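Subject: Structure handover and notes

Dear colleague,

I am passing on the structure below, followed by notes on what was found in it. Please read the notes with the coordinates open beside them.

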Amino acid sequence: VNVPEPKPAAAIFVVSKRGAVLIGERSASLAFMGGFVAFPGGRVDRSDAELALTLFGASDDVMRAKAAALRELFEETGILFDGERAHAVSPAMRQLSAQQAYEELALRPDPTRLIFGGRWVTPESGIARFDTRFFLARVEEEVVASPRHEELAWARFEMPDRLLDAHRRLEVLIAPPTMFALQVLALGVERAPERLLAIPEASGAESPEFESLWGIRTIPLRSPTLPPARHTNAYLLGEERLIVVDPAPYEESEREKLLERIEVRTRAGAELEAVVLTHHHMDHVGAASFVAQRLKVPIWAHPVTRDLLRDGIRVDRTLVDGDSIDLGQGFTFDVLHTPGHAPGHIILVDRRKGGRAVIAGDMIAGLGTIIIDPPEGDMTEYLQQLERMRALGPNVLFPAHGPPAVDGPKKLSEYIAHRLMREEKVRSALEKKGPSRPADLLDLAYDDTPPIMYPLAARSCLAHLLKLVRDGRAAQNGDRFAANQPL
Ligand SMILES: [Zn+2]
């Protein structure tokens, strides 16, 4: 499977005299890092060569990246940097391009005042990949940002330690480059560039984990899963007492990577309690016995999962709907049994004070789609459980594949609407075609799906047909289905 090449990008840490940083929260609707707190930044685009020439008189890779950082700063926050000061532009100037705005105010920032602070590459598991140069810009005074709302929910100068506290209170989501930068900048700006560059990830080493929310560490690991996903997220939950959810890899190097992440915690005094499996699929359980044996911990899963794994993996304790996993210090997860994708599927609901996370397994996907494959997949149950999850209210859904969904109820509503839309297409295809097998209906019911996906679509179509039968809207005769006339 092809790994996408990282695209050149740039970002900027604007730091004021008292040590506050200009930072914002990306809009929840953005596919890449939506809902995360982040510094202004984005892809280096074509116009940046010209902007670099105008501002700096040169347009090599570094100058283009510096121009891109300033352009993104302007586009996202309405702020210009002249080398010493930040300028908040008037609302009228907000309509201009960065090039026009710098020309309008005749600003020519000295490029050496944009100090290199590292180069971060999005890990292979990212849904989009960037090779981002970070630059540090020190300014005299703080100014008021005017965030562009398609990109940022808010933007302002904020003290780094206050943001780190907000992360501890589960109020904000933060990804690795931002997290490391805040930790460095919280110690003061003086030697910040050197300290930033001392972080291995700042020179291209892959970030092995993300602690997007305090106490919830995502470790993406290569696994034999369904494309376009190539990884399964293991989740390391807790602070003093830990559980690891869905250790998936079969490859030795990926298993060692997971072990190393756990051992970083246990060396610091934490204790691993158990391996927890959301369900029995092979792209979730590859390293379960390996971790259990190496670290001498039990494996916990739903009784149905235990039975399905009986021939390969020994489940030591069963978890059922309504159980709680207590990890100490108020860190509790409730277990919900959510069949539909897999009969023994469970999710874990964060019950900490201020907790808003759900470890969602394969109920949703940050990348690719969820397969409902009868008889183990059941569309009626799946939809019921999506609705039950939605009723949990505002939450961040951490899926087994891809990034989290930061607006859980909205994501779940989209999932439910999409399945109901498909159900209607299947039903109307059945009406048009008369008695049919699932494969006969695909050209109509899955007309938006590439034919290469038809074998999977046929399974999903069957799941919809079985639900229609259960709802009294279709009848089954052997492997054929027919529409029932509405009563
Ligand atoms: Zn699965």
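Is Glu 424 buried, partly exposed or exposed? Glu 424 is partly exposed, with a relative accessible area of 39%, where buried means under 20% relative accessible area, exposed over 50% and partly exposed in between, for a 1.4 Å probe and protein chains only. Glu 424 belongs to helix α12, and its C-alpha atom is separated by 11 Å from that of Arg 473, a residue 49 places away along the chain.

Before the rest, two remarks on conventions. This is a predicted model, in which local features need pLDDT of at least 70 and side-chain atom pairs count only at pLDDT 80 or more, while totals for chains, interfaces and linings use all residues. Residues are numbered from 1 along each chain as its sequence is written, and side-chain values use heavy atoms, with hydrogens and water left out.

Helix packing

Helices and strands are DSSP runs numbered from the N terminus, helices being H or I with at least four residues and strands E with at least two. The axes of α11 (residues 379-390) and α12 (residues 408-433) come within 9 Å and cross at roughly 155 degrees, the axes being lines fitted to C-alpha atoms over the stretch in contact, with angles from 0 to 180 degrees between N-to-C directions. That angle makes α11 roughly antiparallel to α12, since angles under 35 degrees count as roughly parallel, over 145 as roughly antiparallel, 65 to 115 as roughly perpendicular and the rest as oblique. By class, the contact of α11 with α12 has ten nonpolar, one polar and four charged residues; here Ala, Val, Leu, Ile, Met, Phe, Trp, Tyr, Cys and Pro count as nonpolar, Asp, Glu, Lys and Arg as charged, and the others, Gly among them, as polar.

The axes of α12 and α14 (residues 454-470) come within 10 Å and cross at roughly 80 degrees, and these two helices are therefore roughly perpendicular to each other. Their contact (heavy atoms within 4.5 Å) divides into five nonpolar, two polar and five charged residues.

Met 379 lies in α11 and is buried, with a relative accessible area of 2%. Leaving aside residues up to four places away in sequence, Met 379 touches Ile 372, Arg 419, Ser 460, Ala 463, His 464 and Lys 467.

Nonpolar cores

A nonpolar core is a set of buried Ala, Val, Leu, Ile, Met, Phe, Trp, Tyr and Cys residues joined through side-chain atoms within 4.5 Å. The largest has 36 residues, and those with the most contacts inside it are Ile 12, Phe 56, Leu 70, Leu 73, Phe 81 and Leu 114. The largest share of this core, eight residues, comes from α2. A second, separate core of 26 residues includes Leu 164, Val 172, Leu 196 and Ala 202.

Backbone points to check

Two peptide bonds are cis: the one from Pro 227 to Pro 228 has omega near 5 degrees, and the one joining Pro 374 and Pro 375 has omega of about 5 degrees. Pro 228 is in the loop between β12 (216-222) and β13 (231-237), whereas Pro 375 is in the loop between β21 (357-361) and α11.

Lys 296, a residue other than glycine, has a positive phi near 55 degrees; Lys 296 sits in the loop between α9 (288-295) and β16 (299-301) and is exposed, with a relative accessible area of 73%.

Best regards
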